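Please keep the structure open while you read.

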Amino acid sequence: MSKTQKLQFVHTPHPSPLPADQRAELLKNPGFGRVFTDHMVTIRYHESKGWHDARVEPRAPIPMDPAAAVLHYAQEVFEGLKAYRTADGGATLFRPIENARRFQKSAERLAMPSLPEELFIESCDKLVSIDRAWIPDGDGSLYLRPFMFANEVFLGVKPSSDYLYLVIASSVGAYFKGDSPAVSVWVSDDYTRAAPGGTGAAKCGGNYAASLLAQAEATQHKCDQVVFLDAVERKWIEELGGMNVFFVFDDGSMVTPPLGGTILPGITRNSLLTLARDKGITVREERYSIQQWKADAASGKLREAFACGTAAVLTPIGTVRSKDGEFRIGNGSPGQRTEELKAALVGIQRGKAADPHKWIHRVF
Ligand code: PLP
Ligand code: COI
């Protein structure tokens, strides 16, 4: 679908970037997703021209026609990846090629054009490079949000002929705000996230729109996240609203739900499978039911459970609540395995440990 020649980015530096003292103030406690950098990347696509008009510009609102297709039929896909500051003052990305590939797969599922992998990575590199001052020190990072939406001005239901791809960046700290190191989750009985044949494996905005009511129900029940069960039997654990999930057992083995088209193939999930197997840990990609989760937590067979994703990194799950009541996992502090795998992953991401799988991409 895409026709591409090597694109040259046109750079327009921000005429009045945020002064350093104000930026430093924002970076002290950025939270997640509210502090944005000075610039953004835009690349246009038209079916007659392919990808064209690549720019790095001051971050600004985008003018849109009210009939733009995305506003009506939600043809939109996105990615999430982080840039880290290195000890020598440089910056790195973690496995951006995997985000580039997943972006292509998501686009294909939504009948959108394929953005070449090199262009995806170059667009991220350019933004990180120009907005390098926004990468927080310490535990923080710069969260990149590449996304693409249908921009044709037409109300007929068909794949758009026009798309806009953008990358914006947000200085972030921890995703979960609470003081507790472990999160609580709400098992949704009434709503499912994705059905076989649907868009569950794609990172498209529509999946998140469909998850919000269940997430609101989780919040009403004082839970941090929703857990979705499968749409067919309503018994198998799939994933959280914005994270994959792992279970750790008393014999040291681990389980994570298999990729079957209805859950997002998380890059953190994939990395943890590799790191666990490197350590000789048995990890099964296997279905695990909510009843079994409850029984194993009660018997002590289940020792730990954790959520994982780019935003959440590895976050222990401490309480599982549903209409039937609640059960707890562990004593509220992170389990040993969760800590060990988190340390291994974060060590590589932050350049503090060896990178045997060549996951680190140097930006500058
Ligand atoms: N599942 C969902 C629904 C997500 O939104 C995310 C976050 O991107 C993940 C899983 C984890 O994916 P990744 O590890 O690639 O960030
Ligand atoms: C991410 O981890 O990148 C996500 O997209 C999840 C979302 C909850 C922020």
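## The site of ligand 2

Around ligand 2 sit F32, F78, G80, Y143, R145, Y175, K203, G242, T310 and A311, where being near means having a heavy atom within 4 Å. This is a predicted model, in which local features need pLDDT of at least 70 and side-chain atom pairs count only at pLDDT 80 or more, while totals for chains, interfaces and linings use all residues. Residues are numbered from 1 along each chain as written, chains are lettered from A and ligands numbered from 1 in written order, and side-chain values use heavy atoms, leaving out hydrogens and water.

| Residue | Atom | Distance |
|---|---|---|
| Y143 | polar side-chain atom | 2.6 Å |
| K203 | polar side-chain atom | 2.8 Å |
| T310 | backbone N or O atom | 3.5 Å |

The protein covers 88% of the 280 Å² of accessible area that ligand 2 has on its own (Shrake-Rupley method, 1.4 Å probe).

## Between two domains

Which domains give residues to the shell around ligand 2? Domain 1 (9-172) and domain 2 (183-349) both do, so ligand 2 lies between them; the bounds come from an automatic or database domain assignment. The C-alpha centres of the two domains are 27 Å apart. Their contact (heavy atoms within 4.5 Å) takes 19 residues from domain 1 and 20 residues from domain 2.

Key
Polar contact = N/O pair within 3.5 Å; in protein donor to acceptor, adjacent residues only side chain to side chain.
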